[in-house]
Amino acid sequence: MMTSPKLDTDLQKIVDACHPDPFSVLGKHTVDGHTLVRVYIPCAEEVAIAEGNLQMQRIPETDIFEWRGEAQLPQRYRLIWRDKDHREHITHDPYCFTPQLSDFDMHLFSEGKHWHAYRFLGSHVHEADGIGGVLFAVWAPNAERISVVGDFNRWDGRAHPMRTHGSNGIWELFIPDMAPGTFYKFEIRNRQSGDVFYKSDPYGQQFEVRPNTSSIVRDNTPYAWTDKGWMEKRKTWDWQHQPMSIYELHLGSWQRGPEGELLNYRELAKRLVDYVTEMGFSHIELLPITEHPFDGSWGYQTTGYYAPTSRYGTPEDFCYFVDYCHQHNIGVFLDWVPAHFPKDAHGLARFDGTPLYEHEDPRKGEHLDWSTLIYNFGRFEVKNFLVCSALFWLEEFHLDGLRVDAVASMLYLDYSREEWIPNKYGGRENLEAIEFMRELNMVAHSEHPGVLVMAEESTSWPQVTGPADADGLGFSIKWNMGWMNDTLRYMSKEAVHRKYHQEILTFSMLYAFSENFLLPFSHDEVVHGKQSMLHKMPGDEWQRFANLRALYTYMFTHPGKKLLFMGTEFGQGVEWNSANTLDWYVLDYPFHHGVKLLVKDLNKLYHQSEALYQHEFEWQSFEWIDCHDAEQSVLVYLRKSDDDMFIVAVNFTPVPRHHYRIGVPNPGVYDEIFNSDAECYGGSNVGNGATVLIAEDHPWMDKPYSIPITLPPLAGIVLRPAQEKTEADEIEEEAASEEAIDTVNAASEEVTNTKAFKSTVRKKQPKKSQR
């Protein structure tokens, strides 16, 4: 029996897969004036250098092969080797290539200032010295050794150890002749413990379909975008003075295929664009489609911050999704989760055997409510990872903005915890997270003018939408969670009790213009036992639907951008369940169809009426006419633009109010242009549609004139000073009326006896300064 000679330390470390610098041992070297080529190929039976057919010699009882000689070898030579299954392979030696990463890129990353780090970290189709392959790079400063593993090397971490770049913690390896589509992970050996971990690529841009967790080398063929017009227009979009109505949805449960299968991004794009265009929404907002292992998290426990989930197709399919939306004038927002990440073993948790992305102390590093980990926002590389992720979605997928989840949990060190560590000043504010959010917003707005970054922030933190360079956080929009909670609390009360709680509704106007607010009825309000929007409403079936219609009328006429979650637009009766599709069949019933038609008309009213959107972040857009009639639970208010004015009156009781006098600012005739109690919406058809409303010289509610009107039960109406009609207006109104009647008749046999939405509401030409 032949005894293997004792290996020197470096060779033994190669065999043991713990050498921190495999390039110093493997590859081509000059030793004593001769050329030495050394390779380590587990499972190889024989190896030769292709150039010259130079047979390499095995070091006994190892998989190390060497060739020594004086032959002139090319810098980038190839290896021919046969495995134990007698299959032959030919490939360039990865260890004959020089480092591929630039010092400048790595320096910027270490400083936390590389806004496109995803272009060199992760895996990328790459060419080195005219030879194609894949370049891998990963940040793991506490690793002793990292290898790229996959089917191509039988998941053997000894085969492709990476090169370290020292103190910056970055490792790289160029594997020549590798093609896109390759599945891989990183095998990481911790320096202190020697423990070995298999990790997905933090910067991976494509992943296997769950439950598998491998990263996939993405093809770098650029997508042929066709949305240049949209992107150019977006740069100068005066979004603060334009309407914005968002349809929030979860792709996996909005609609599915005939066998219950998930739809591809491309099919979803076509269906969605048709639907949201019909309904009049200007944007869609996707619950997170960043890659995530657990369906039940809805995407909020992300493991792939640079990859659209493979549940619905490839990254190129998602490019098509966004492109198709833009071609049809629909903007796309994405829920994005930088507040926390899951503990899955293949993910970021203890990535190199240490708390690298998270805090080590669980009092700062763990969310007890969600059993997730909190990012260490004070670490440059971690902050760079997150800012880069945001920019990646905006740049590579042309998204129009991000909705940042759980901002409150980032702002406060004591968020939902009894034990916590104060900041350096002894306070509860998370100073590092605050700085991260400011930098995120400044960079996003600088790099991509016109994109919006929205904060889901539920506390009274000041200046969430204030400029980041003036002590604000720099967000474009803040979700108005206070308005949402107060409004739903009021609406949940029986009508007879609402007179005792009028202040719940009127309170919102004390702060409505302190931030750029969005009014959300989101997915969070229709899950976990909170009931559907419909069943939050009190009363019998008719009253529930009437309450919902009144609520949406109040929402669309209240200052602030709008957001509705899927299913709420037609009054779905059950809570949202991500495992099932929406109950589309209920649209066969008149009440549900009526709610859908109401939302469609409210969107139309909102988008065509400057009074409702031109100054919705500014105090001059709103004025109370009367907010004191708690006894009858009625609100009356003005919505104004530079050139137009609406009067809104909402009756939150089931009692019709006949001859209800309201103050108006000007004399003349007023038209009822919207009534949520119209028969086509499922209402009782009480209102003022056939009545000539003439302002009387009778001061009322601090206004010089007044009008006696009929307030329908559990409903809102919108009045507008009468407009002179041209012949073209008459033709348009007649066509709109016929279309509305046809739509209603298609859903039920009811005959509409009143016009619910008059086409006297027309979109004015925007001023040049608003374009």
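Q: At what angle do α8 and helix α10 (residues 431-447) pack, and how far apart are their axes?
A: This is a predicted model, so let's start with its helices. Angles under 35 degrees count as roughly parallel, and α8 and α10 are therefore roughly parallel to each other. Helix α8 also passes α10 in a right-handed crossing. The packing angle is about 30°, and the axes lie 10 Å apart.

Q: Which residues of α8 and α10 make the contact, and how many of them are nonpolar, polar and charged?
A: On the α8 side you will find Lys383, Leu386, Val387, Ala390, Leu391 and Leu394. Facing them from α10 are Phe436, Glu439, Leu440, Val443, Ala444 and Glu447. Sorted by class, this contact has 9 nonpolar, no polar and 3 charged residues.

Q: Is helix α2 (residues 103-110) roughly parallel or roughly perpendicular to α8?
A: Helix α2 packs against α8 (residues 380-396) with the two axes 8 Å apart and an angle of about 100° between them. Angles of 65 to 115 degrees fall in one class, which makes α2 roughly perpendicular to α8.

Q: How many nonpolar, polar and charged residues does the contact of α2 with α8 have?
A: Helix α2 brings Leu108, Phe109 and Ser110 to this contact, where they meet Phe380, Glu381 and Asn384 of α8. By class, that gives 3 nonpolar, 2 polar and 1 charged residues.

Q: Which residue in β6 stands opposite threonine 35?
A: Strand β2 covers residues 34-40 and strand β6 covers residues 64-69. The two pair in the antiparallel sense over 6 bridges. Opposite threonine 35 stands glycine 69.

Q: What is the bridge partner of arginine 82 in β8?
A: Strand β7 (residues 78-83) pairs with β8 in the antiparallel sense over 5 bridges. Within β8, the partner of arginine 82 is glutamate 88.

Q: Which residue in β7 stands opposite isoleucine 49?
A: Strand β3 (residues 44-49) runs antiparallel to β7, and 5 bridges join them. Isoleucine 49 stands opposite leucine 79.

Q: Which glycine takes a positive phi in the hairpin of β3 and β4?
A: These strands pair in the antiparallel sense over 2 bridges, with alanine 48 opposite glutamine 55 in β4. The hairpin has 4 residues between its strands. The residue with a positive phi, near 95°, is glycine 52.

Q: How many residues apart in sequence are the parts tied together by phenylalanine 23 and tyrosine 95?
A: The whole structure has 57 aromatic pairs. In this one the ring centres of phenylalanine 23 and tyrosine 95 are 4.8 Å apart and the planes stand at 55°, so the pair is tilted. Phenylalanine 23 lies in the loop between α1 (9-15) and β1, and tyrosine 95 in the loop between β8 and α2, so the pair ties together parts whose separation in sequence is 72 residues.

Conventions. Residues are numbered from 1 along each chain as its sequence is written. This is a predicted model: local features need pLDDT of at least 70, side-chain atom pairs count only at pLDDT 80 or more; totals for chains, interfaces and linings use all residues. Side-chain values use heavy atoms; hydrogens and water are left out. Axes are lines fitted to C-alpha atoms, for helices over the stretch in contact, and angles run from 0 to 180 degrees between N-to-C directions. Angles under 35 degrees count as roughly parallel, over 145 as roughly antiparallel, 65 to 115 as roughly perpendicular and the rest as oblique. Contact means heavy atoms within 4.5 Å. Ala, Val, Leu, Ile, Met, Phe, Trp, Tyr, Cys and Pro count as nonpolar, Asp, Glu, Lys and Arg as charged, and the others, Gly among them, as polar. A crossing is left-handed if the near helix is turned anticlockwise from the far one by less than a right angle, and right-handed if clockwise. Two strands pair if DSSP finds at least two bridges between them. Rings of Phe, Tyr and Trp (its six-membered ring) pair if their centres lie within 6.5 Å; planes under 30 degrees apart count as stacked, over 60 as edge-to-face and the rest as tilted.
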